[in-house]
Amino acid sequence: MTTELVLITGISGFLGYAITISALESGYRVRGVVRTQPRIDEIKRVLPDQFIGKIDFVVIPDLKVDGVFDDAMVDVDHVIHVASPAGVDTDNYARDYLEPARDITINVISAAVKFPKIKRMVITSSLSPYIPTMEFAVGKISKEIFRSDDEVCHYKVTDQFQHRLFAYAASKSIALETAEEFIKDNQPSFGVVFLMPTFVFGPNKLSRTTDEFNKGSNEILLNHILGNSKSPLLTVSVHIDDVAKLHVLSLKTSVPTGRYLLDSEGASGTNWSEALPFVKKYYPQAVGKVFAEEAEVNPIEIRIDNSKAEKAFGIKFKKFEEQVKDTAGFYLGLVS
């Protein structure tokens, strides 16, 4: 069992908290970065008692300020950078998405290189950098299959976008390119792993209400099985448990550095027509009362080659059935 210290940004979010629990369960100590004190209270409310003494917190109100991570890096062995601008209701995408994604990434990496003790950095990205925003907009993906080492899209902070979701996608590309260029130019002593999950589904242990749970990527699955959405559905998905676990496994220096696309169904793709049948299989009493009896399926076909991740981590991803079962079950727990 390790006692190494991991700094985790974005700890108060859906993915950041899941990674934190996975790291603590694996024996790591955690230093969580939050923007406000109330975020610490929210985490402590749900944090299992056995982990209270293994976590400390750092409050950094503005992650964009130069040098703001320096003190937080003291005594740290590894860094997992999850924090990213998302869900911001704004019409100034450069200020609220693109520039923060770039600046926060630079701040985290430039602080880490000052501390020779740091052995590994893991940066959370997504599928977004691989797909041009205009293809998202028209709902037609030109590429047949995406692989981890494929060329990604390139954007500038001055680019204009029609919707904040496109700005978010571009911000992930900008953050990725910023990090990769920094690594190439500065050759840090630690290795860097980039994890690129597709749509992440599963329980959000920080959620206290159905409204809190029905946000972010979970909103896509939940609104479909609730019958509240007819939006097109990309045929990709991955379980929150797998994404959290792989962030922690990436801290092992035996895992090769570089990018890893994370997706459960791989080249076969997620079959959205199975979502409601899975709900009916596990929660028949809730169909027609909580969940829809029928739902329109309008898929946008996309395929992921997940073999690089499966080989490097020795993992078989949890299937879409388990994602639906766990997400619907957690939602029902909040309803009752």
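**View 1. The largest cavity of the predicted model has a volume of about 120 Å³.** A cavity here is a set of points, on a 1 Å grid over the protein atoms alone, where a 1.4 Å probe fits but cannot get out, and its volume is the space filled by probe spheres set on the points, which are joined across faces, edges and corners. By this rule the count comes to one cavity of 30 Å³ or more. The model is predicted, with local features needing pLDDT of at least 70 and side-chain atom pairs pLDDT 80 or more, whereas totals for chains, interfaces and linings use all residues. Residues are numbered from 1 along each chain as its sequence is written, and side-chain values use heavy atoms, without hydrogens and water.

**View 2. The lining of the largest cavity comprises 16 residues.** Lining residues have an atom within 4 Å of a point, and those nearest the centre are His81, Thr105, Thr124, Lys172 and Ala175. Helix 3, strand 5 (120–124) and helix 5 each supply at least two lining residues, with helix 3 giving the largest share, four residues; helices (H or I, at least four residues) and strands (E, at least two) are DSSP runs numbered from the N terminus.

**View 3. Helix 3 (residues 93–112) packs with its axis within 9 Å of that of helix 5 (residues 164–186).** The axes, lines fitted to C-alpha atoms over the stretch in contact, with angles from 0 to 180 degrees between N-to-C directions, cross at roughly 25 degrees. Helix 3 is therefore roughly parallel to helix 5, a term for angles under 35 degrees.

How values were computed. Parallel < 35°, antiparallel > 145°, perpendicular 65-115°, else oblique. 1 Å grid on protein atoms, 1.4 Å probe; cavity = no way out; pocket = protein on both sides within 12 Å on 5 of 7 lines; lining within 4 Å.
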